[in-house]
Amino acid sequence: MYVAPAQSRLARWAPLLASSGLAAGAAVVLRHVNPYVAGNPLPSCPLYALTGLYCPGCGSTRCLYSLVHFDLPGAMAMNPLMVIVLPLLFLMLLHTAGVRPKVLDPLMRLLANPKFWLWVLPGYALLRNLPWAPFTALAPV
């Protein structure tokens, strides 16, 4: 009978450590590069450039720029879903590392379900492209 070896501490914490490193690097870049300025080196959304439609990630760079500069209203104007999902992503990474408070179990089961994201992301993309209020507030300014 084969027993799988217990996952090492480093392997459990590796996703959180890697994500933290990437977040720190992105924060440094976004402290010095303004995505609102024309001609900046940051890429724009290829889907929007090809179709004129907003994807779920449209405005994310400007949203993160605003968050790095402590401008929550500006971040919400660019991509409200990103502002809501960032703390949830952190909780998911902690859960992967083994930090699992019982009170968060129902939330983690929901967030770990791919069907949830297969409804949220396309639904958000659809709603933010509707030309009527209040849905126009979901489109990046």
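This dialogue looks at a predicted model, beginning with the chain as a whole and then turning to one pair of helices.

Reader: Which secondary structure elements does the protein chain have, and what pattern do they follow along the sequence?

Author: The protein chain has 7 helices and 0 strands, and read along the sequence its pattern is α-α-α-α-α-α-α. Taken along the principal axes, the C-alpha atoms fill a box of roughly 60 × 35 × 30 Å.

Reader: What share of the residues counts as buried, and how much of the accessible surface belongs to carbon and sulfur atoms?

Author: Of the 141 residues, 21% count as buried, while the accessible surface comes to about 9600 Å², with 74% of that area belonging to carbon and sulfur atoms. Among contacts with a separation of 6 or more, 52% are between residues 24 or more positions apart.

Reader: How are two packed helices described, and what are the values for helix 5 and helix 7?

Author: In general, a packed pair is described by the angle between the two axes and by the distance between those axes. Here helix 5, residues 80-97, packs with helix 7, residues 114-128, at an angle of about 155°, and their axes lie 11 Å apart. Angles over 145 degrees count as roughly antiparallel, and therefore helix 5 and helix 7 are roughly antiparallel to each other. The crossing of helix 5 with helix 7 is left-handed.

Reader: Which residues meet where helix 5 contacts helix 7, and how do they divide by class?

Author: From helix 5, Pro80, Leu81 and Val85 meet Trp117, Val120, Leu121 and Tyr124 of helix 7. By class, this contact has 7 nonpolar residues, with no polar and no charged ones.

Definitions and conventions:
Residues are numbered from 1 along each chain as its sequence is written. This is a predicted model: local features need pLDDT of at least 70, side-chain atom pairs count only at pLDDT 80 or more; totals for chains, interfaces and linings use all residues. Side-chain values use heavy atoms; hydrogens and water are left out. Axes are lines fitted to C-alpha atoms, for helices over the stretch in contact, and angles run from 0 to 180 degrees between N-to-C directions. Helices (H or I, at least four residues) and strands (E, at least two) are DSSP runs, numbered from the N terminus. Angles under 35 degrees count as roughly parallel, over 145 as roughly antiparallel, 65 to 115 as roughly perpendicular and the rest as oblique. A crossing is left-handed if the near helix is turned anticlockwise from the far one by less than a right angle, and right-handed if clockwise. Contact means heavy atoms within 4.5 Å. Ala, Val, Leu, Ile, Met, Phe, Trp, Tyr, Cys and Pro count as nonpolar, Asp, Glu, Lys and Arg as charged, and the others, Gly among them, as polar. Buried means under 20% relative accessible area, exposed over 50%, partly exposed in between (1.4 Å probe, protein chains only). Accessible areas come from the Shrake-Rupley method with a 1.4 Å probe; for residues, only the protein chains shown count as cover.
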